Amino acid sequence: MDLDVFVSAHRAEWDRLDALLRRQRRLTGPEADELVVLYQRTATHLSLIQSSAPDPQLTGRLTQLVARARSAVTGTRRASWRDATRFLTHGFPAAVYRSRHWWVPTALLSVALAAVIGWWIGTHPEVQSSIAAPSELRDLTRPGGEYETYYSSHPAASFAAQVWTNNAQAAAMCLVLGAFLCLPVIWILFQNMLNLGVGIGLMSSADRLDTFLGLVLPHGLLELTAVFVAAGTGLRLGWTLIDPGPRTRRTAMAEEGRAALGMAIGLALVLLISGAIEGFVTPSGLPTWARISIGIAAELAFLAYVYVLGGRAAREGETGDIEEHERSATVPTAA
């Protein structure tokens, strides 16, 4: 492409579009139609310049012009309670439901790994001795030891806030780092399962596995599910980079990335609930069966939310992405 010739041929259209955008008065019907046509043509010109003869100065000018024109054509839109309600009843559960083929296997494999690690540590004293000195292991596992007092070592509200912050960060890292070919997500997930497996192994070796599970299950069911959802979604995002399917890689990553961002917000709310359970229910004086029942109820409620509301929304075409009219317009490929 001869850039100088191209600019000379289309400069008048760009100037006319700029003039229409600067109008202080309301545009007439013909002027509005003209603005739409010029916006579409200028978007095409920008695409051609970027692909054939990139010029930083000209690209910057046309990018700003197209952005202003798109804002004028589509109008501005503010988030509302309707958007929040739709996100919680359609977008988020549908996105989790669509990712179930990733996070359900992730959950099963992860729990199996934690169980194997726990069995290995619990049945091999030499492995236990490599973790810590015998006196330190006794301090961890004895009645009233660190495994038990951990959940009541701080005021419930501050402890719940701290737990929520840490878990939300871990979930966000799984979602974001999935784009790096899945490897960071696998590492984060392994670290979480290793910590869980060590606790299972050490407490089982002290014949106190029931106590450990009574402390972990009330909040751990929902908390780990949220982590598994985040990890599975991160793995899916990483695989999309490898195999985008029928979509272009850029389009696929944009769509899945926006859905993952929405899931990060939704999972933060889920982890807020599990953090509240961990801060107020786990260290409470309730009987073990009551605490575990609360955890099971929270887990079943979340699964019903995903499979009932999310399944219905997904079958209606909801993907968890932003609505179609808010996505970037597809740029024509011919001038």
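Tutor: Let's start with a term: a contact means heavy atoms within 4.5 Å. On that basis, residues 24 or more positions apart account for 77% of the chain's contacts with a separation of 6 or more. Keep in mind that this is a predicted model, where local features need pLDDT of at least 70, side-chain atom pairs count only at pLDDT 80 or more, and totals for chains, interfaces and linings use all residues. Numbering runs from 1 along each chain as its sequence is written, and side-chain values use heavy atoms, with hydrogens and water left out.

Now the overall picture. The chain has 13 helices and zero strands (DSSP runs, numbered from the N terminus: H or I of at least four residues for helices, E of at least two for strands). Its radius of gyration is 27 Å, well over the 20 Å that the globule rule gives for 335 residues, so the chain is more spread out than a compact globule. That radius is taken over C-alpha atoms, and the rule is 2.2 Å times the number of residues to the power 0.38. Along the principal axes, the C-alpha atoms fill a box of roughly 85 × 40 × 35 Å. As for burial, 40% of the 335 residues count as buried, meaning under 20% relative accessible area, with exposed over 50% and partly exposed in between (1.4 Å probe, protein chains only).

On to the pocket itself. A pocket here is an open set of points on a 1 Å grid over the protein atoms alone, where a 1.4 Å probe fits, with protein on both sides within 12 Å along at least five of seven lines; lining residues have an atom within 4 Å of a point.

Who lines it? There are 26 lining residues, and Tyr-150, Tyr-151, Asn-195, Glu-223 and Glu-278 lie nearest the centre. Helices α8 (146-149), α9 (156-177), α10 (183-205) and α11 (209-242) each supply at least two residues of the lining, and α11 gives the most, with seven. Sorted by class, the lining comes to 13 nonpolar, 10 polar and three charged residues. Here Ala, Val, Leu, Ile, Met, Phe, Trp, Tyr, Cys and Pro count as nonpolar, Asp, Glu, Lys and Arg as charged, and the others, Gly among them, as polar.
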